[in-house]
Amino acid sequence: MKNSMRKIMIIIMACSFFLINGCGEDSMSEEDLVDGRKMSGEQKLEEVEAGNFPLFWESTGQEGQQFYTLPELKGEVKELLGDNYWPEVDLSAAELERLTGITEDMFVDFLAERQVLDAHIDTLMIIHAKEDHVREIEQAIENYRSTVIEQNKNYPQNLSKARASRIETINDYICFVQLGADTTLLADKGQEAVMAYCLEENEKALYVLEQAILQ
C-alpha cells in the first residue's frame with residue numbers, strides 16, 4: 001500500500017467479505033480444507049477467490065499499473081497485517097528445496113519466509129514459476145502443506161493454523177499463506193474459532209497479493 005487510505009479500504013473490504021460469507025455456515029471439517037483451496041461449507045476456491053473482492057481502483061477511482069518485486073509483495077502483506085505478520089527468517093533456495101522439493105530450475109525467483117522457531121509455523125511463500133513448472137510447483141506446495149498438517153496433529157493451535165493455510169496461483173505466481181500470528185486468546189473457543197480467524201488473515205494476505213500482482 002502506498003497510503004493509509006488504501007490499507008483501510010482493504011481491511012474494510014476483507015472483513016466485510018468474511019462477515020457476508022461466514023455467517024450461517026456449518027463448521028469446517030478437515031476435508032473442507034484438505035488442499036488449501038476450499039472454504040467453509042460447499043464453497044470452493046473458484047467461487048470465493050481473492051479476486052472476487054472489488055478491484056482497489058474501482059473502489060477508489062484510482063488507476064494505473066505498477067510492477068512489484070517479491071520483497072515489495074511481501075511488504076504489502078506485512079504492512080496490512082502489521083504486528084500480526086510473524087514470519088521473519090528468509091529461506092534459502094537449498095532450504096526451499098529441502099522442505100518442498102522445489103528446485104531452482106523450476107522458478108524465475110522466489111521469496112519464502114517463516115518464523116525462527118520450528119514450534120511456530122507462520123509462513124509466507126511467493127514463487128514466480130517458470131511457465132512449464134506452474135503445476136509442478138503447485139503440487140509441491142500442496143504436498144508441503146499436507147506434511148505440515150501431519151507434523152502438527154498433536155499441537156491443536158498449530159494444527160488449526162496449518163489447516164487454515166491457503167494456496168493460490170495468480171498468473172505464474174504460486175502463493176502459500178499460513179498466517180494468523182498469536183491465536184492464544186482464541187484457544188479456549190476451540191479449533192474452529194482459530195481456523196476461522198487464520199482463514200481471514202490468509203484471505204486478506206491473498207487479496208493484497210492478487211491486487212499487486214495483477215496491476
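Isoleucine 126 stands opposite cysteine 175 in β5. The structure is a predicted model, in which local features need pLDDT of at least 70 and side-chain atom pairs count only at pLDDT 80 or more, while totals for chains, interfaces and linings use all residues. Residues are numbered from 1 along each chain as its sequence is written, and side-chain values use heavy atoms, with hydrogens and water left out.

Strand β3 (residues 123–129) pairs with β5 in the antiparallel sense, over 6 bridges; two strands count as paired if DSSP finds at least two bridges between them. Methionine 125 likewise has phenylalanine 176 of β5 opposite it. Strand β5 also runs antiparallel to β4, to which 5 bridges join it. Here the bridge partner of arginine 166 is valine 177 in β5.

These strands belong to an open sheet of 5 strands, with antiparallel pairing and the order β1-β2-β3-β5-β4. Its edge strands are β1 (89–90) and β4, each of which pairs on one side only. The protein as a whole has 7 helices and 5 strands. Helices (H or I, at least four residues) and strands (E, at least two) are DSSP runs, numbered from the N terminus. Read from the N terminus on, the elements follow the series α-α-α-β-α-β-β-α-α-β-β-α.

Of the 215 residues in the protein, 48% are buried. A residue is called buried under 20% relative accessible area, exposed over 50%, and partly exposed in between, with a 1.4 Å probe and protein chains only. In strand β5, 6 of the 6 residues are buried, so this strand is largely enclosed by the rest of the structure. Tyr173, Cys175 and Val177 point one way from β5, whereas Ile174, Phe176 and Gln178 point the other way, and all are buried.

Most residues other than glycine have a negative phi. Asparagine 171, however, has a phi near 55°. This asparagine 171 is placed in the loop between β4 (166–170) and β5 (173–178), in a hairpin with 2 residues between the strands. Asparagine 171 is exposed, with a relative accessible area of 53%. Alanine 181 also has a positive phi, of about 55°, although it is not a glycine. The loop that holds alanine 181 lies between β5 and α7 (191–214). Alanine 181 is buried, with a relative accessible area of 2%.

Helix α7 has 24 residues, which should span 34 Å at 1.5 Å a residue; the end C-alpha atoms are 34 Å apart, which agrees. The expected span of a helix is 1.5 Å times one less than its number of residues. Of the 24 residues of α7, 17 are buried, so α7 is largely enclosed by the rest of the structure.

For helix α3 (residues 70–81), the 12 residues should span 16 Å, and the end C-alpha atoms are 17 Å apart, which agrees. The buried residues of α3 are Leu70, Leu73, Lys74, Glu76, Val77, Leu80 and Leu81. They cover an arc of only 150° around the axis, which puts them on the same side of α3; the arc is that of the directions from the helix axis to the C-beta atoms. Just after α3, glycine 82 takes a positive phi of about 60°.

Arginine 163 is placed in helix α6 (residues 156–163). With a relative accessible area of 7%, arginine 163 is buried. Its C-alpha atom is separated by 9.1 Å from that of cysteine 198, which is 35 residues apart from arginine 163 along the chain.

The second largest pocket holds about 270 Å³ of space. On a 1 Å grid over the protein atoms alone, a pocket is an open set of points where a 1.4 Å probe fits, with protein on both sides within 12 Å along at least five of seven lines, and lining residues have an atom within 4 Å of a point. A volume is the space filled by probe spheres set on the points, which are joined across faces, edges and corners. The lining has 15 residues, of which Arg114, Asp118, Ile121, Gln151 and Asn152 lie nearest the centre of the second largest pocket. Helix α5 (residues 134–151) supplies the largest share of this lining, 4 residues. By class, the lining has 6 nonpolar, 7 polar and 2 charged residues. Ala, Val, Leu, Ile, Met, Phe, Trp, Tyr, Cys and Pro count as nonpolar, Asp, Glu, Lys and Arg as charged, and the others, Gly among them, as polar.
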